[in-house]
Amino acid sequence: METWDEITLTGLRVFGRHGVYEEERRVGQYFLVDLTLFVDTRTAAASDAVADTVHYGEVAERVAALVAGDPVDLLETLVARIADDLLTVELVQGVRVTVHKPDAPIPVPFADVSVSIVRTRGAS
């Protein structure tokens with residue numbers, strides 16, 4: 001990947017109903033999302049105008065709508081859905097997305113489970 005600047009949003013907390021088990025879909029749980037957008041911030045830095053960058057508040061709302069939206073079985077599917085959506089934002093050249101599922105139904109003590117991916121524009 002080329003060298004890009006980064007805009008990072010950490011710990012976006014959204015209620016969703018994702019999971020393989022019926023109980024996860026019925027009861028739901030909170031998911032935490034961390035994401036990094038790879039962008040070129042030089043124009044925004046020079047103009048000091050939000051129109052010349054990626055508005056992270058709008059990104060947060062977009063991602064929250066995806067997590068709160070149609071349920072999927074796998075975190076892998078949810079993470080890919082988020083990444084694919086963010087790559088449609090004009091200035092975003094790449095993304096790193098992590099979705100945490102701290103209340104996953106795992107029968108042994110654990111602190112967190114997550115899935116992370118990195119995707120770039122134009123890569124298959």
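R25 is partly exposed, with a relative accessible area of 26%. Here, buried means under 20% relative accessible area, exposed means over 50%, and partly exposed covers what lies in between (1.4 Å probe, protein chains only). The model is predicted, so local features need pLDDT of at least 70 and side-chain atom pairs count only at pLDDT 80 or more, while totals for chains, interfaces and linings use all residues. Residues are numbered from 1 along each chain as its sequence is written, and side-chain values use heavy atoms, with hydrogens and water left out.

What does R25 pair with? The side chains of R25 and D73 meet in a salt bridge at 2.4 Å, N to O. D73 sits in the loop between α3 (56-68) and α4 (75-86) and R25 in helix α1, so this pair ties together parts that are 48 residues apart in sequence. Like every helix and strand named here, these come from DSSP runs numbered from the N terminus (helices are H or I with at least four residues, strands are E with at least two). D73 is partly exposed, at 41% relative accessible area.

A search of the whole structure finds 5 salt bridges, each defined as a side-chain nitrogen of Lys or Arg within 4 Å of a carboxyl oxygen of Asp or Glu. Here are some of them, including the pair just described.

| Salt bridge | N to O distance |
|---|---|
| R26 and E23 | 2.8 Å |
| D73 and R25 | 2.4 Å |
| D40 and R42 | 2.5 Å |

R26 and E23 both belong to helix α1 (residues 22-27), where they are 3 residues apart, about one turn of the helix. R26 counts as exposed at 52% relative accessibility, and E23 is partly exposed at 46%.

Leaving out residues up to four places away in sequence, E24 touches R17, H18, G19, Q29, K101 and P105, where contact means heavy atoms within 4.5 Å.

Now to helix α3. Its 13 residues reach 18 Å from the first C-alpha to the last, close to the 18 Å expected at 1.5 Å a residue; the expected span is 1.5 Å times one less than the number of residues. Which residues of α3 are buried? They are V59, A60, V63 and V67. Seen down the axis of α3, these fall within an arc of 100°, so they line one face of the helix; the arc is that of the directions from the helix axis to the C-beta atoms. On the other side of α3, E61 and A68 are exposed. The cover over the buried residues of α3 includes β1 (5-16), β2 (29-39) and α4.

How do α3 and α4 pack? Their axes are 10 Å apart, at an angle of about 145°. Axes are lines fitted to C-alpha atoms, for helices over the stretch in contact, and angles run from 0 to 180 degrees between N-to-C directions. On the α3 side, V59, R62, V63, L66 and V67 meet L78, R81, I82, D85 and L86 of α4.
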